[in-house]
Amino acid sequence: MMAGSGFREWVFSWNCFIAAMLALFISFSIGLERPFWAMTTVYITSQPLSGAVRSKAVFRLIGTIVGGAATVAIVPVLSNAPVLLSLALALWVAGCQFISLLDRTPRSYLFMLAGYTAALIGFPSVAHPELIFDTAVLRVQEIGLGVICAALVHSLIFPRSVSAAIGLRVATLMREADAWIADVLGAEAQGRTDGERRRLAADVTELHALSIHLPFDTARIRPTRAVLATLQDRLVLLLPLVSAVEDRLRTLDTVRSDVAALVAEIRAWVIDRDDPADPERAAALAARCRQAAAATPEHDWDGLLTLNLCARLGELVDALAMTHDLAARVIDPEHVRRDVAPFIPSRVRRLHRDYAVAALSATATMVALLGCCTFWIATGWPEGATATMISAVICCFFATMDDPVPAQRSFLVWTAIAVPITAVYLFAILPMVHNFETLTLVLAPALLVLGLLMALPHWYGKMMPLMIGFGGGLALTNSFSAEAAGFINSNVALLIGTAAAIFATRLMRVIGAGTAIRRLRRAGWRDLGTLAGHAAPALRMAWNSRMLDRVGLLAARIGDEEQQAGDGGDGDAATAALRELRIGAGLIQLDEVGTAAEVRSAVGAHYRARVKGREEQPAPALLAQIDDAITDGFAVADADDRQRTLSALTALRRNFFPAAPAWVPDRIAA
């Protein structure tokens, strides 16, 4: 048995094989012209989780219908103008890819399919535009048959629930979060807590990837996407909150005895696995944090740091209790402890969008397609359509990556590996097959091994191109024919189309993780510059959602080499992004109280300058403005507003100037 494979992996492989043979048998039985489309679709659609299969099946079918309709509309009209037809199809593929990269929801797969389906149908049909409607209908039929068979088999035979997988992931996430928070409150080493923070952020990103399939799950009762989305936000919100607590604990020379006792009690509550989200205990601890903040003398820097620490501890207790409550609802959807309506978002979540990178990706795809079309038209190459359509597929497949070239090269290599395997079947084995039963037996060894390897995450990216090359190379139809020259030419075209996609991508699209990190940071600076001047409620909500999303995107890109190269001197882009998230929270708090307008204006100006490449470090004048605002904050009449103002300004001072000398209350002393 292969390393890493087990019962679930074999179930997945057999399910894929059964669904593929079912799709193949039905295609043969009803006389469809290209049954291999249905067989290959089964493997492309199949995922280890049954809900993910159904999700992918729905969007693949809709995308195929949309792409087929677009081809029927474009090809007949422009069939006599090859240049215009090439341009129109390239624009359609690139436009769909652009939208899919901006969407960043399950719908993105639909747009991607709509794009390259037009290439798969349109380019091979240019010589016979009168048949385009029949070809498009056939494509929809074969794809529909494949996705229905895949969804049916994976849902009926040992289905693997997305809800169960998410529940296990959330349970692990909560254990990791509790361990990290306990380490922070227990004064563990900084390096260890940094690693735990990065792991938590990456796990939240993985949770989001699982959650998109939840509406299609096979489970009878499953958590709502609203609860899961809120849980993800709360988990990411813990990142800046716990980092702020850690910073204050490390900054204070001596933690006041009653506050130290409170920290120890909160840590004990976090470690308690029986019921860490006990509402009464959490409420009591949060109340004690507020009392400690109210009882804190504010006359010196240690007092202000302690005030901020107590405020953040109270927020941490509330946030963690809420997070555990949401996690319990995800782990056990039937579990209801208290109404969560007040913190379930009613608005659509705002995600980070990079229009420039999406446009760059779309442009690279157009260049690849038009390059292939130009060579095809100029030389009259019979296999030009094959090269052009596979180029579209390769460009679309890997467009979400910062650097798609390594994955595209891997696709090229494993597609080439499929050629000799396919040749053995096509010229040595299949000529001896005379019925469907024998065909099933001879295909079983190759397809079962391929399916088993596809179930292993580290093999999936290699087996998918091999499967596409194998299924497409066999080109199983009702009338078998194997012609060596055609086989060689089509595979050469396949490899040339892939190489063209790699060349265009490398020429125009590669940005690297460091550049992606800088772009994410710059987008955050742009939003902070706007937030400092216009902190309307709708803007606050949108900013918070986008910043949480960016923290997750950054965490997924942070590696040992990228940290220094991609952060512009901050050393750790994820840490810097969390600091900026805390800065934004402080700006919102100041705006809500209506104080420190000059500080907010100066912060906005600083980040607007950073967007333009100036003022990487905050100006010393900003430190003086914050210090003056702290002094003025003591004059705020309302005690709660005064505490919120001073706490927010203290946080801003620490986040902007962590190495600055302690604030001195010179004007108050005078």
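**Helical architecture of the predicted chain**

Of the 670 residues of the protein chain, 55% count as buried (under 20% relative accessible area, with a 1.4 Å probe and protein chains only). The model is predicted, and local features need pLDDT of at least 70, side-chain atom pairs pLDDT 80 or more, while totals for chains, interfaces and linings use all residues. Residues are numbered from 1 along each chain as its sequence is written, and side-chain values use heavy atoms, without hydrogens and water.

The secondary structure comprises 26 helices and 0 strands (DSSP runs numbered from the N terminus: H or I of at least four residues for helices, E of at least two for strands). Residues 24 or more positions apart supply 78% of the contacts with a separation of 6 or more (contact: heavy atoms within 4.5 Å).

Helix H19 covers residues 512–531. Its 20 residues should span 28 Å at 1.5 Å a residue, and the end C-alpha atoms lie 29 Å apart, which agrees (expected span: 1.5 Å times one less than the number of residues). Buried residues in H19 include Gly514, Ile517, Trp525 and Leu531.

Helices H23 (residues 597–611) and H24 (residues 620–633) pack at about 160 degrees, with axes 9 Å apart (axes are lines fitted to C-alpha atoms over the stretch in contact; angles run from 0 to 180 degrees between N-to-C directions). The pair is therefore roughly antiparallel (over 145 degrees). Glu598, Val599, Ala602 and Val603 in H23 meet Leu622, Gln625, Ile626 and Ala629 in H24. These contact residues divide into 6 nonpolar, 1 polar and 1 charged (nonpolar: Ala, Val, Leu, Ile, Met, Phe, Trp, Tyr, Cys and Pro; charged: Asp, Glu, Lys and Arg; polar: the others, Gly among them).

Terms used. Buried < 20%, exposed > 50% of the residue type's maximum accessible area, 1.4 Å probe, protein only. Parallel < 35°, antiparallel > 145°, perpendicular 65-115°, else oblique.
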